[in-house]
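Student: I have a model open on my screen and would like to go through it with you. Could we start with whatever you would look at before anything else?

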Amino acid sequence: INAEYMGQHKYPEETIQSIQETLLQEQHTPFSWSAYYLPLLIVGVGLQCFQQLCGLNTVMYYASTILVHSGFGPREGVYLSIPLTGLNFLMTFPALLLVEKIGRRPLLLASLIGILGCLTLLALCFFAISSSTSWVVLVLLCGYIVCFAPGMGTVPWVINSEIYPLAMRSAGSSAATIANWLTNSITTQSFPALLVSIGPGWTFLILGGFCVATLCFVWCMVPETKGRSLEDIQGHHYKAYPLGEHLMPTFGQGTFSSSF
């Protein structure tokens, strides 16, 4: 069953042995907020924080205000913000297919590139605001949501459900969720102040800067978990990524080394 499900293990007994080794190691390494588990927390918590710093929830909360800044009237801004919420809901469904078809990392990276492009164009529109740019802003907000929802909107939750060993799954998921909502609170409270003090153009450029930081984080730190067992994710698979070999503990070799 394991071989058929994973689609790549020709010898299920090797997977069983790997699971047994991991369980034995976890018995000798009870959960604590230590260097042994810290790299996994960095990935999980980092993804949740960057999800909010890229700005979707904030943009959704203040969509009507953004549209008013772009030139729409107050009533139009409220009415036009309603379909944006529906679009965010609908664009979550493609992730159900894409996350298993193309993988977590490619979906995250493609999502972030699209988000960055939309944020940059939004900033340029607000720097050159005129009566003709309001509808362009609306289209770009739609594009931003289309890029965000299937990737950065869903994949951080998927990865957080896959990377933690049993010894820390509850604590790790809780820490990531708390980080998500704390970051959401900070960005939500600061966004209106930024709109007033520096204007929407610079505000969207700041979000774009966070998007660039997220791209670097995903490229350097986030593993591909598609079709991988928990043991594979925790072990040698991390060595395929620029910082993974230095951050992850050594599995399957009778040692628990880490650079932290």
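Tutor: Let us begin with Arg104, which counts as buried at 3% relative accessibility, where buried means under 20% relative accessible area, exposed means over 50%, and partly exposed lies in between (1.4 Å probe, protein chains only). This is a predicted model, in which local features need pLDDT of at least 70 and side-chain atom pairs count only at pLDDT 80 or more, while totals for chains, interfaces and linings use all residues. Residues are numbered from 1 along each chain as its sequence is written, and side-chain values use heavy atoms, with hydrogens and water left out.

Student: Which side chains meet Arg104 in a salt bridge?

Tutor: The side chain of Glu100 meets Arg104 at 3.0 Å, N to O, and the side chain of Glu162 meets Arg104 at 2.5 Å, N to O. Glu162 lies in the loop between H10 and helix H11 (169-197) and Arg104 lies in helix H8, so this pair ties together parts that are 58 residues apart in sequence. A salt bridge here is a side-chain nitrogen of Lys or Arg within 4 Å of a carboxyl oxygen of Asp or Glu.

Student: And the two glutamates, buried or exposed or in between?

Tutor: Glu100 counts as partly exposed at 43% relative accessibility, and Glu162 is partly exposed as well, with a relative accessible area of 22%. Glu100, Arg104 and Glu162 are linked in a network of salt bridges.

Student: How many salt bridges does the whole structure have?

Tutor: A search of the whole structure finds two.

Student: What does Asn160 do with its side chain?

Tutor: The side chain of Asn160 makes a polar contact with the side chain of Tyr164 at 2.7 Å, and one of the polar atoms of the Asn160 side chain lies 3.2 Å from the backbone oxygen of Gly44. A polar contact is a pair of N or O atoms within 3.5 Å; within protein, one must be able to donate a hydrogen and the other to accept it, and residues adjacent in sequence count only if both atoms are side-chain atoms. Asn160 is found in helix H10 (residues 155-160) and is buried, with a relative accessible area of 5%. Leaving aside neighbours within four places in sequence, Asn160 is in contact with Gly44, Gln48, Ser173 and Ala176.

Student: How far apart are Val45 and Pro156?

Tutor: Val45 and Pro156 are 111 residues apart in sequence and 9.1 Å apart in space, C-alpha to C-alpha. Val45 has its place in helix H3 (residues 38-53), is partly exposed with a relative accessible area of 22%, and touches Tyr164, Ala175, Ala176 and Ala179, not counting residues up to four places away in sequence.

Student: On to the surface: which residues form the nonpolar patch?

Tutor: Leu121, Leu124, Phe127, Ile198, Trp202, Leu205, Ile206 and Phe210 form it, with about 710 Å² of accessible area together. Patches are made of residues with over 30% relative accessible area and no salt bridge, like charges being joined within 9 Å and nonpolar side chains (Val, Leu, Ile, Met, Phe, Trp, Tyr) within 5 Å; accessible areas come from the Shrake-Rupley method with a 1.4 Å probe, and for residues only the protein chains shown count as cover.

Student: Which helix gives the largest share of the patch?

Tutor: H12 does, with four residues. Helix H8 (104-127) and helix H12 (199-221) each supply at least two.

Student: Lastly, where is the pLDDT under 50?

Tutor: It stays under 50 over residues 1-5, and over residues 236-260 it is below 50 too. The chain averages a pLDDT of 80, and 73% of the residues score at least 70; pLDDT is the predictor's confidence in each residue, from 0 to 100. Where pLDDT is low, the predicted coordinates should not be read in detail.

Terms used. Contact = heavy atoms within 4.5 Å.
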